[in-house]
Amino acid sequence: MKIRRYTQSWPIRGSFTIARGSRTQVDVVIVELEGQGITGRGECVPYSRYGESVATVLAQLEQVIPQLEAGLDRIDLQELLPAGAARNALDCAFWDWECKAAGMSIWQRLGLSPEPLVSAYTLSLDTPAKMELVAREHAARPLLKLKLGGAGDLDRVAAVRRGAPKAKIILDANESWTPALYQALVPELVKLGVTMIEQPLPAAEDAILAELPHPIPLCADESCHDRQSLPALIGRYEMINIKTDKTGGLTEALALKHEAEQAGFEIMVGCMLATSLAMAPAFVVAQGGQIVDLDGPLLLDIDRENGFEFTQQKMQVFQSGLWG
């Protein structure tokens, strides 16, 4: 098997702001695996929060070239590279290649009957007034996800609720709250009809969540990477956010979903900001999940060829020309 790896930059529509900073473009790493005249593709997003960069991902991929040329397969890959962006791109390229080599779609391989999904639409962190304006523009969307940042968050949520009175609202604090702020905000957020809060506290400090009330379900994001994360999350969260860039690919994402459901967690499937190529494996995992947050392509100025179609407020099933 031969590997080709390269980077691409995709412009964001306007900018994308969370508690940790703002961006105007997204840098992705593409992996192409070629063998028997067949090419499989995967895309990942290196994430600095987890100590990753384009350079570190490319270096990890460089290290496995000898094993790939010697016949490394997707199962062996799980032990060779750690969970993270590099393994994600390679794992998903393997899946794509395997589907094409077998002449089967990913749905046939997994025995699934895919359905269109409602995806959240993300509102970047901003002033309450600006977030209300954006909410009004997207008030017809059934699910809005708000990026928050600590101080002023109650005003932001109230403003979005005014702008989109009928939308289901979920929140992503990106680890920006304290226990005291959590306790002060949650009763008011209940009144505003918030249905889920994602990662309110820093991952290293979330043990206290087991002692706090949860009138609104909590979802683990930065605290959840792969199956090894699950035991510590019990009692702290009701839901986990599965991202293939955290799990290190579709293989572990599917295994994590199964074990999480067995442990009683509900499932959210999310993404880093990326193109439809990165969304496709996540869309597979998202089938049957409770919350889908795969709006990456909607937040870009342009998407890649054969990308997802979003019609009637739903993300339509992708075609094999994209992946799988």
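Mentor: Let us begin with a definition: the bend at a residue is the angle between two axes, one fitted to the seven residues ending there and one to the seven starting there. Please keep in mind that this is a predicted model, in which local features need pLDDT of at least 70, side-chain atom pairs count only at pLDDT 80 or more, and totals for chains, interfaces and linings use all residues. Residues are numbered from 1 along each chain as its sequence is written, and side-chain values use heavy atoms, with hydrogens and water left out.

Trainee: Where does a kink lie in α8?

Mentor: The kink, of about 30°, lies at Leu185, shortly before the proline Pro187. Helix α8 covers residues 179-191; helices are DSSP runs of H or I with at least four residues, strands are runs of E with at least two, and both are numbered from the N terminus.

Trainee: How do you know what span to expect of α8?

Mentor: The expected span is 1.5 Å times one less than the number of residues. With 13 residues, α8 reaches 19 Å from its first C-alpha to its last, close to the 18 Å expected.

Trainee: Which residues of α8 are called buried?

Mentor: They are Tyr182, Leu185, Val186 and Leu189. Buried means under 20% relative accessible area, exposed over 50%, and partly exposed in between, with a 1.4 Å probe and protein chains only. Among the elements covering these residues are α7 and β6, where contact means heavy atoms within 4.5 Å.

Trainee: Why are β1 and β3 said to stand at the edges?

Mentor: The open sheet has the order β1-β2-β3, with antiparallel pairing. β1 and β3 each have a single partner strand, so one side of each is left without a neighbour in the sheet. Two strands pair if DSSP finds at least two bridges between them; 7 bridges join β2 to β3, which meets that condition.

Trainee: What makes Phe283 and Phe308 a tilted aromatic pair?

Mentor: Rings of Phe, Tyr and Trp (its six-membered ring) pair if their centres lie within 6.5 Å; planes under 30 degrees apart count as stacked, over 60 as edge-to-face, and the rest as tilted. The structure holds 7 aromatic pairs. For Phe283 and Phe308, the centres are 5.2 Å apart and the planes make 45°, hence a tilted pair.
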